[in-house]
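Here is a short note to read alongside the model. Take the points in order, and keep the viewer open as you go.

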Amino acid sequence: MTIPPRLRRALARLRRDILFIAAGVPLHLVSPLLFTWAGILLARTLAATSSNAPAILPAPLALLVVAGYGLTETQRWRFRALCGVDLPRLRFTEKKRQFGYNWLVGPLLGVLEALLLALAAAGLAAVLILVWIWAIPWQWRIEHPGYATRATLVTLLGLAALAAVPALAAGLVRLENIVGRAVLGVSWADELAQRVEDLTESRAGAVDAADAERRRIERDLHDGAQQRLVSLALNLGLAKATLTDLSPAAREAIEAAHREAKEAIEELNSLVRGLHPAVLDELGLDAALSGLAARAPLPVRLRVDLPERAGTAVEGVAYFVVSEALTNVAKHAREATRADVTVTRLGGILRVVIADDGMGGADPARGTGLRGLVQRVRSVDGTFWMSSPVGGPTMMSVELPCPM
Amino acid sequence: MPDVKRAVIAEDSVLLRIGLVKVVEMAGFEVAAEAGDAQGLLTAVAAHRPDVAVVDVRMPPDFTDEGVRAALAIRREWPATAVLLLSQYVEERYAADLLAANTGGVGYLLKQRVADVEEFIEALRRVAAGGTALDPQVVAQLLVRRASDPLERLTGREREVLALMAEGRSNAGIAAQLVVSESAVAKHINSILAKLDLPKADADHRRVLAVLHFLGVGG
């Protein structure tokens, strides 16, 4: 005989529900039993009827505390193994929820579970009443139910009870899931908070990794290409200075090579400066910014007021901001004759303000320079503000959080 | 015995050290010793008492400011030895430290300046003779700090002259750089000193120090 798949699934579900409920009864009833024990001991202590009750009383109380925590883990196992629901591991500090479930909600659920199991058992017994009637020796029977009417009625009642069991069991499992998740699970807000924490952490990791990478590239360039280029330019310079009896063409070739070597050094230097200059790590923001300001093609007034060094990530972003902003001023700010860079620290905020007296009209939505700048500011949770009305002046303010 | 000036070179990159030796020899110095780190430099200076030490700032073991610290130690212990520092980047605070204790005998240039051999040789000779040689970039950074008050009164040309003075150049050097006559330079300098309220001084390096002091560096 083959069992139809629907029935097989229903039977599997019923089996799982009954197992889940049956496992719940002892777990949920541990606490009430311990409470009862403690209550009895307390009553005896108060009534002074037992001399050793006060000595034993701490035992159930201690067990209750152990149960308050320990049962949570067991319940997690029950939900995971029998329902496939993974409740999060609760922290030790979340006492309210653990004790609330194990001491109060759990026992109520335990009563429902016991009632359901009792209903199933009673139903089974009632269905089999005719078997009892025949199988049990007559002298043990309490009374003789009428074969036709009362026994049939009991059988029907039993059948009805059994028929109700699957639905009731499924309902109870659903209820347990809702209650379990509500009390032991994680709320939406907690889940989001956790997610935000994870993302913040991983983003900080990504920012740090990018910083480390920039630093590594800087060091490699310094140790390799830069030294070689300086050496090359030096040798060409020596050739230029010492070889006096060259043909004009050869002299011209050497001079051109010398010039290009020097330009290559400059280009490489400016590339490194845009990445992560060594001075930033070694001497901090103030020193690095003065180098930037001095190189700008227009006069820059620099004011840096930092009592101590900010974090490396923040220093890197602040440096990049000024670098990009000054590049932008030089490139786009029409008729700008000067720029002001001010770096101050206000509590936990590092504030960078760059202003120029050009004709304004800058738009952060256009131009990759400004967009890259905004992205890097946001990567450390900074804020960007800009005002650039047509006709000028342009002012840009960046605030970067930096822990004290 | 002809009075040949002697030099010690400290540079951790072998490639550059070879080049530096050639340039220093071309400037008429005898290279008494070469070193690859700060400790080796101090030992060499103690042993040879050279007229000038050419020192890379970034050297082993930490690759930060070993050269600056060694230079300060040399100026303190052996004041007769001038120091010319070469660096990947220049930092005006280092210049301030170097110029604070002693007058003259100090140079601070970007490493890449060695490629301009003639100019570098001139700076080296100036430093060995007790003068100063500051990189234009250092001076520019000093001006960024002092971009205010009396400096605003200077004309563009006067600013150029001031920067060249701060680098440690003589009147003739400034005149050559700007392609003007020496008397024109002298006129600019008088005007600058008057506007900045600085004392007139004849010796080049005294004047340099006055300018640097005005820019917030040195004693």
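1. Let's begin with a term. A residue is buried if 20 or more other C-beta atoms lie within 10 Å of its own, exposed if 12 or fewer, and partly exposed in between, with C-beta atoms placed from the backbone. By this rule A:Glu263 counts as exposed, because it has 12 C-beta neighbours inside 10 Å.

2. A word on the source: this is a predicted model, in which local features need pLDDT of at least 70, side-chain atom pairs count only at pLDDT 80 or more, and totals for chains, interfaces and linings use all residues. Residues are numbered from 1 along each chain as its sequence is written, while chains are lettered from A and ligands numbered from 1 in the order in which they are written.

3. Where does A:Glu263 lie? You will find A:Glu263 in helix H8 of chain A, residues 248-275; helices (H or I, at least four residues) and strands (E, at least two) are DSSP runs, numbered from the N terminus. Its C-alpha atom is 9.9 Å from that of A:Leu229, a residue 34 residues apart from A:Glu263 along the chain.

4. Now for chain B, which has 10 helices and 6 strands. Of its 219 residues, 51% count as buried.

5. Finally, look at where the chains meet. The contact takes 28 residues from chain A and 27 residues from chain B; two residues are in contact if their C-beta atoms, placed from the backbone, lie within 7 Å. On the side of chain A that touches chain B, H7(A) gives the most, with 11 residues.
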